Structure formats: structure tokens, C-alpha cells
Amino acid sequence: MIKQAKERYEDLDKTQQLRIKQGVVILVILIVLIISYGTKTEEKMQDIAQKNASDVVEVMTDSQLFEQDISDELDEKLNDKQKVIDQQARDIAQLKELFTLQMQNDQQEDLSQNEFNPDTSQAPSFPPSQLQEGDFSQDQALIQPQWVGGIMHEEYEAIKIPISEQDTQKKE
């Protein structure tokens, strides 16, 4: 069969032979393209199938979307509140430091004032036996002096002391 095709081909004139050669080349090119296209499409289909298998599509319902939106909003508000709390904690720490510094300064001032001023712990106090009932309470009798501008000011309440009859007779 191949021998017969060769004999017929040789019997044809040169232009017909050229046309047959061109047709065969075109057919070979088409076959190669079809085969390569087929393998590429198979590879592409396999790649697409692998991608589809690896890509899991999560379908969310309206209630799930609503729940997620609320959760996100609450998380955002919680973060904002946490920032405010953190700032307040820093402010409180600073205030504590300032308070301790102020207390130290006050203690130093008290010590320096006690060096230059008389001791106030020796303020006069009256024993309860000297107080008459109805006149004062014990709290009023134990009044501590107050410091005003570096000058000591003491307040005393009048205390009624019973005068014995003998004292009155001597004066007469």
C-alpha cells in the first residue's frame, strides 16, 4: 500500500507534489497542536480540580453574618474600653506617686517646723475630775493648738472650778 502511494506520488507533476507536501506538513502541525492542546487542557483541568478541592467555600447565612458583625463590633468596643482602662491605670499610678511625694514633703515640712517651733504635743489637757457635769465633754477639754502662719494659737474653754467656801471666806 505504501509502495502504491509512492508510485502515484511520483507519477504526479511537481506542482501537485508540492501541494501534497504542503498539505501533509499542515496536517502534521494540526495534529501536534491538537495533541498539545489536549494535554494542556487536561493539565489545566487537573489544576482547576486541585484548586477546587483545596478551596473550601464557606457559605454563611444571614444570622451568622449578623452574629459575626455584632461580635466584631463588641470586640472593637472592648478594645476601646481596655485602652481607656489602661490609661486610667497609668493616671492612677502617677497620682499615687504624686501623693507619696506630697506626703514626704509634708512630713519634711512638719519636721522642720517642729525644730523651730515649740513642741505641740505638750498641749494642756484637763483631767476628767476637774470637769463638772453638764459643762463640757471630755473631747472639748482636749483641744489641740492649731498652727496659723507660724504663730501658735491655742483655744481654751472656760472651766468652772468649784470654789471652796474657805477660799471665799479668806477673801472677805
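Which helix holds the place of I29? Select residues 14-54 to find out: I29 sits there, in helix α2.

This is a predicted model, in which local features need pLDDT of at least 70, side-chain atom pairs count only at pLDDT 80 or more, and totals for chains, interfaces and linings use all residues. Residues are numbered from 1 along each chain as its sequence is written, and side-chain values use heavy atoms, leaving out hydrogens and water.

Now show the whole chain as a cartoon. You will find five helices and two strands, in the order α-α-α-α-β-β-α from the N terminus. Here helices (H or I, at least four residues) and strands (E, at least two) are DSSP runs, numbered from the N terminus.

Next, color by pLDDT, the predictor's confidence in each residue, from 0 to 100. The chain averages 76, and 63% of the residues score at least 70. Then select residues 119-123, where pLDDT stays under 50. Where pLDDT is low, the predicted coordinates should not be read in detail.

Return to I29 and look at its surface. I29 is partly exposed, with a relative accessible area of 47%; buried means under 20%, exposed over 50%, and partly exposed in between (1.4 Å probe, protein chains only). Of the 172 residues of the chain, 3% count as buried.

Technical notes: Contact = heavy atoms within 4.5 Å.
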